[in-house]
Amino acid sequence: MAEAYCVKDKQKVEVVNPEKITMKNGKPAIQGTCPMCHGKVFKIGG
Ligand SMILES: [Zn+2]
């Protein structure tokens with residue numbers, strides 16, 4: 001599981017359905033869904 005900071009909830013949340021993605025600059029990141037507001041959350045790093 002991965003944790004990411006949700007800008008809507010202003011706190012760290014457990015990422016739902018975390019997905020590894022690659023940013024435009026080639027760095028790895030994790031993108032998923034916030035369990036609280038169901039918005040997208042994003043974390044830099046693999
Ligand atoms: Zn949220």
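How many residues lie between E4 and E5 in their hairpin, and which residue in the turn has a positive phi? The two strands are separated by 6 residues, and histidine 38 in the turn has a positive phi of about 60°. This is a predicted model, in which local features need pLDDT of at least 70 and side-chain atom pairs count only at pLDDT 80 or more, while totals for chains, interfaces and linings use all residues. Residues are numbered from 1 along each chain as its sequence is written.

**Confidence**
- Mean pLDDT (the predictor's confidence in each residue, from 0 to 100) is 93 for the chain, and 98% of residues reach 70 or more.

**Strands and pairing**
- The chain has 0 helices and 5 strands (DSSP runs, with at least four residues for helices, H or I, and at least two for strands, E, numbered from the N terminus).
- Strands E3 (residues 16–22) and E4 (residues 28–33) pair antiparallel over 5 bridges; pairing requires at least two DSSP bridges.
- Threonine 22 stands opposite proline 28 in E4, and the E3–E4 hairpin has glycine 26 in its turn with a positive phi of about 90°.
- E4 and E5 also run antiparallel, joined by 5 bridges, with isoleucine 30 opposite lysine 43 in E5.

**Core and contacts**
- Buried residues (20 or more other C-beta atoms within 10 Å of their own, with C-beta atoms placed from the backbone) make up 15% of the 46 residues.
- The largest nonpolar core has 6 residues: Ala4, Cys6, Val13, Val15, Cys34 and Val41; such a core is a set of buried Ala, Val, Leu, Ile, Met, Phe, Trp, Tyr and Cys residues joined through C-beta atoms within 7 Å.

How values were computed
A residue is buried if 20 or more other C-beta atoms lie within 10 Å of its own, exposed if 12 or fewer, and partly exposed in between; C-beta atoms are placed from the backbone.
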